[in-house]
Amino acid sequence: MSALPLDSISDQFAVMPTGSSTAALVSLTHTVAQKLETCICVRCLLIDYAKAFDTINHSILFMKIQSLSVPSDLKRWIFHFFIGRRQAVLLGGGQSQWLLITRSIVQGSGIGPSVYLVYSAYLKLLSLYNSIIKFANNATLLVPQCSSVSLEEDFQHVQRWSDTNTLQISAGFK
């Protein structure tokens with residue numbers, strides 16, 4: 001895994017100072033219009049990750065952070081923020097055992113959104129001609145009909161990446 005370049009997060013529109021749902025929609029519209037200049041149609045697939053922020057695997061996150069070109073003191077601070085957190089459950093007057101938390105990014109923390117950006121930045125498509133637009137725990141795949149990599153192939157790639165990174169794609173409406 002190589003160091004994360006800053007342009008690796010240019011496809012993420014949430015948790016960014018310049019990001020918003022409006023910016024994501026503008027990017028989506030612009031990208032589709034660009035692709036329609038050379039192709040007849042563009043296929044679009046919307047992906048939602050189930051409980052993405054709660055299922056971020058700390059071991060995988062730490063490997064991604066370790067690859068960053070940032071000072072080692074900052075990396076250590078981030079690791080210490082996540083390591084050693086515990087939780088227990090109270091139910092009916094009884095309490096469970098205290099267990100280590102090895103997943104989640106501590107929503108509501110100042111660092112949670114930034115580490116989610118690092119985690120999701122490595123999700124890239126097989127074809128540079130195809131596009132992915134990310135907004136927090138959602139992603140939109142845009143695949144023009146003239147692409148050499150089909151929507152199905154790129155989605156299978158996204159599914160493999162998701163499995164490897166312990167993120168579950170929602171099955172749809174229930």
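**The sheet and what surrounds it**

In this predicted model, four strands build an open sheet, and their order is β6-β7-β1-β8. The pairing is antiparallel. β6 (131–135) and β8 (168–169) are the edge strands. Each has a single partner strand, so one side of each is left without a neighbour in the sheet.

β6 runs antiparallel to β7 (residues 138–144), and five bridges join the two.

Helix α1 (residues 21–36) touches β1 (42–50), β6 and β7. The direction of α1 makes about 170° with that of β6. Helix α5 (residues 151–164) touches β1, β7 and β8. Its direction makes about 15° with that of β1.

Now move across the sheet to β1. Seven bridges pair β1 with β7 in the antiparallel sense. Here Ile47 is bridged to Ala139 of β7. Ala50 finds its bridge partner in β8, at Gln168. In a regular strand, side chains alternate between the two faces of the sheet.

**The helix contacts**

Take α2 (residues 58–66) and α3 (residues 72–82) as a pair. Their axes come within 10 Å and cross at roughly 170°. The two helices are therefore roughly antiparallel to each other. From α2, the contact uses His58, Leu61, Phe62, Ile65 and Gln66. From α3, Lys75, Ile78, Phe79 and Phe82 meet them. By class, this contact has six nonpolar, two polar and one charged residues.

How do the axes of α2 and α4 cross? They come within 9 Å and cross at roughly 85°. That makes α2 roughly perpendicular to α4. On the α2 side, the contact is made by Ile60, Leu61, Lys64 and Ile65. Val115, Val118 and Tyr119 come from α4. The contact of α2 with α4 divides into six nonpolar, no polar and one charged residues. Leu61 and Ile65 are listed for α2 in its contact with α3 and also in its contact with α4.

Where is empty space left? Rolling a probe the size of a water molecule over the atoms shows it. In this structure there is one cavity of 30 Å³ or more. The largest cavity holds about 60 Å³ of space.

Which residues line the largest cavity? They are Gln12, Tyr49, Tyr116, Ser120, Leu123, Lys134, Ala136, Asn137, Asn138, Ala139, Trp161 and Leu167. At least two lining residues come from α4 (112–121), and at least two from β7. By class, the lining has seven nonpolar, four polar and one charged residues. Ala139 ties this space back to the sheet: it belongs to the lining, and it is the bridge partner of Ile47.

**The whole chain**

Along the sequence, they follow the pattern α-β-α-α-β-β-β-β-α-β-β-α-β. The C-alpha trace spans about 60 × 45 × 30 Å along its principal axes.

Key. Residues are numbered from 1 along each chain as its sequence is written. This is a predicted model: local features need pLDDT of at least 70, side-chain atom pairs count only at pLDDT 80 or more; totals for chains, interfaces and linings use all residues. Side-chain values use heavy atoms; hydrogens and water are left out. Two strands pair if DSSP finds at least two bridges between them. Contact means heavy atoms within 4.5 Å. Axes are lines fitted to C-alpha atoms, for helices over the stretch in contact, and angles run from 0 to 180 degrees between N-to-C directions. On a 1 Å grid over the protein atoms alone, a cavity is a set of points where a 1.4 Å probe fits but cannot get out, and a pocket is an open set with protein on both sides within 12 Å along at least five of seven lines; lining residues have an atom within 4 Å of a point. Grid points are joined across faces, edges and corners, and a volume is the space filled by probe spheres set on the points. Ala, Val, Leu, Ile, Met, Phe, Trp, Tyr, Cys and Pro count as nonpolar, Asp, Glu, Lys and Arg as charged, and the others, Gly among them, as polar. Angles under 35 degrees count as roughly parallel, over 145 as roughly antiparallel, 65 to 115 as roughly perpendicular and the rest as oblique.
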